[in-house]
Amino acid sequence: MSSKKILFGAAYYPEYQRSSHLDEDIRLMRGADVNIIRVGEGSWSHWEPEDGVFDLDWLEPTLDKAYENGISAIIGMPTFAIPQWMARKHPEIALRNPDGSPMPYGWREEHNYSQSSYVFYEHRIIEQIVRRYASHPAVIGWQLHNEPGLRIDYSVSSFEGFKDYLRHKYRSVENLNEQWGLVFWSHELSTWDDLWKPAGNCQPQYDIEWRRYQALLTDEMLGRQRAIVERYRRPDQVITVNAALGRDTFDEGLSAQRLDVAGSDIYYQMQNSMSLKDPEPIDIDWVPAGAWQTALLSDRTYAMKQEPFYVMETDGGAIGGSADKFPSFPGQQRLGAWQMVARGSRMIEYWHWRQTHFGTEMYWGAILPHDGKPGRVYKETAALGHELRAASADLEGLVPDADVAMLYSVDSRWALSYEPPIANDYSRAAHRTRNPKVYDEISEAFYKGVFLTGHQARIVFDKQLTGELSTPQDFATGPAAFAKRYPVLIAVAQYVSDDALLQWLRQYVLAGGHLILGPRSTYADDLARAREETMPAMLGDLAKASYQEFSALPHDLKVKAENGASIRQGSCATKWLDYLCGSGSTVLARVRQSAALDVPVVTTAAAGAGRVTMVGTVPNADLAASILDFALPASPWLPEHDFVTHNSAVNAKGERLHWLFNFSDMQVHEQLAVPCTALDGQRVVVDFLRGITLRPWDVAVLKEVAI
């Protein structure tokens, strides 16, 4: 059901503007080859100004004008920001803070998804909008909610629902007592009503189930919304969502099953924060920094359904508030967009088209700034739009290449947030301080190694491997088939692992797969209980290495190669150290933590037809790249300059496309591994031995050709 062409455009909110600019906006969109707009999701009070009083016609002129000019639209459900009349008439809708107090009205997502009054209004407004516009020829899709899963709900109804969830899952309080080990600190229950509220909880087994339940509430909300849209939409219209990956109460693997096409919001730091060699990240905790981030977030979005996806929001102008203004350097917007396309995106949609003059996001940059006049950002956007249109036939049906697979575990992300191996603040009781970023921090360290060595990753959810989450028919999830398709599998921070997954990993190795097993993997079972086996649980005999002790590392430790291993200069162990002990494995690298303690940090052993490599630390970039150097043959497309990267994909015609990205402000020349032609209409490469020149923050888009 997804579009064959690359959709290119922006969120468009005529209702946010103080006067109409529709004719001028559409003219400028056409001039930029915009073919998609996203509308309507932030304006419930505009759709329904009073309870039961609907104004549904205000969007029609925009859709009519768009259609007349060859521009399609996705309509977003406005359910993430409730109108004031609803909050006033139904105070019971308000989310509750951990102390039970109602969350004040005035921002967004202050409401309880499962509260009956909200569910009534949600159903009514969605039905009104979809019935009104399902037949409009401009409308090609529907977006559920907006960035779902922002807040944990501590309301009475949520807590009572949680007790019912536990009652159905565990059947008896006696079973719950046993499974959670509630004899610890005298927490055993006599009745379900003995369960304490989450605000006072200090038990990890409680916490992991609470997080799962909260994600189920979000998933149920998305399921309700899909069911309403499904009733009225045309068969050619898609259902998607703009996921903000990593939200507290959103399980992206689970809820992706509600969607026809996965979608996410991929924001990233620009300027020197995008530099690959010497990045200068800005301390903005919600916007990731690093040249690899657009690829990583794209691969995570692709993983949601193991299919091409939509980028529903990304950097247009300088994102953020009035203080954190770091607009792109020339070329960076194009670079980011092509990175997303190379990793499987079928839509690039900027947030947003025209900057607003009021509201919380008044200073959030857009394609057109406050004066509404086309400037540098518009010109670069238009140039990219022309380029995508010119290459559209070659971009149809792109499937990104992958040299290595990486596991992703939402359960482990939640569990390690609660029991973080890396503290936010060692001056406090570290084990009582959540670190919601720790899972992604560890996983990202290994992804960076894939990126730096010129390889590409396919991220896969742990529950996709075991069949708990559905995948496309052509996605190999049997261990033997998976090993053949992805001969290297990275499993790091895979803290929560049930027996089914560990058995799957064993079979993967025995069938010929190379398993790279990183820190905090296999340590806990599906209830975040520490396993009784020596680590790595159920895999130690294959790894021929194990550990019982581990240590936080407040300082980096230099790594020394052993047994002829090739370790890049500057390789270090950081943040964490498993005290690995070999029992037949080969030590590739070790560190000296003290004069009396040398610790293997990378070991490897053949097992069956495959291999297990254990990594007992969070590697820095050089060590991560060294591990991938060992696991994979050198990429023929490994760039000569250490700030240039490569991606590739195969299109519907079976042709392979290549991208060379220059993540620096230097002009460089790169050789090509195979003969190619350029797709930007400006350069034609006939003699591939001559190579190609990349300007600062440039992208070369290439297609292999036979000679």
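Author: The largest nonpolar core has 189 residues, and those with the most contacts inside it are Ile75, Trp142, Trp338, Trp353, Leu395, Phe482 and Trp659. A nonpolar core is a set of buried Ala, Val, Leu, Ile, Met, Phe, Trp, Tyr and Cys residues joined through side-chain atoms within 4.5 Å. Buried means under 20% relative accessible area, exposed over 50%, and partly exposed in between, with a 1.4 Å probe and protein chains only.

Reader: Which element gives the most to this core?

Author: That is α15, with eight residues. Helices (H or I, at least four residues) and strands (E, at least two) are DSSP runs, numbered from the N terminus. Another core, of 19 residues, lies apart from the largest one and has Phe159, Phe162, Leu176 and Trp180 among them.

Reader: What should I know about the model itself?

Author: The model is predicted: local features need pLDDT of at least 70, side-chain atom pairs count only at pLDDT 80 or more, and totals for chains, interfaces and linings use all residues. Residues are numbered from 1 along each chain as its sequence is written, and side-chain values use heavy atoms, with hydrogens and water left out.

Reader: On to rings. How many aromatic pairs are found in the whole structure?

Author: The search finds 39 aromatic pairs. One of them joins tyrosine 408 and tyrosine 439 edge-to-face, at 5.0 Å centre to centre and 85 degrees between the planes. Rings of Phe, Tyr and Trp (its six-membered ring) pair if their centres lie within 6.5 Å; planes under 30 degrees apart count as stacked, over 60 as edge-to-face and the rest as tilted.

Reader: What does the pair of tyrosine 408 and tyrosine 439 tie together?

Author: Tyrosine 408 lies in strand β10 (residues 404-408) and tyrosine 439 in helix α15, so the pair connects parts that are 31 residues apart in sequence. Tyrosine 408 counts as buried at 3% relative accessibility, and tyrosine 439 counts as buried at 0%.

Reader: And phenylalanine 550 with tryptophan 576: why is the pair stacked?

Author: Their ring centres are 5.2 Å apart and the planes are at 25 degrees, so the pair is stacked. Phenylalanine 550 is in strand β15 (residues 550-558) and tryptophan 576 in strand β17 (residues 572-578), so this pair ties together parts 26 residues apart in sequence. Phenylalanine 550 is partly exposed at 32% relative accessibility, whereas tryptophan 576 is buried at 7%.

Reader: Which residues do ring pairs link into a cluster?

Author: The cluster consists of Tyr154, Phe162, Tyr165, Tyr170, Trp180, Trp196, Tyr206, Trp210 and Tyr213.

Reader: Now the cavities. How many of 30 Å³ or more are there?

Author: The count comes to six. On a 1 Å grid over the protein atoms alone, a cavity is a set of points where a 1.4 Å probe fits but cannot get out, and lining residues have an atom within 4 Å of a point. Grid points are joined across faces, edges and corners, and a volume is the space filled by probe spheres set on the points.

Reader: What is in the largest cavity, and what lines it?

Author: The largest cavity holds about 100 Å³ of space. Its lining includes Glu109, His111, Arg151, Asp153 and Gln214.

Reader: And the second largest cavity: what is its volume?

Author: That cavity has a volume of about 70 Å³. It is lined by 13 residues, and the closest to its centre are Tyr447, Phe451, His455, Gln456 and Asn647. At least two lining residues each come from α10 (293-305), α15 (438-452) and β23 (644-650).

Technical notes
1 Å grid on protein atoms, 1.4 Å probe; cavity = no way out; pocket = protein on both sides within 12 Å on 5 of 7 lines; lining within 4 Å.
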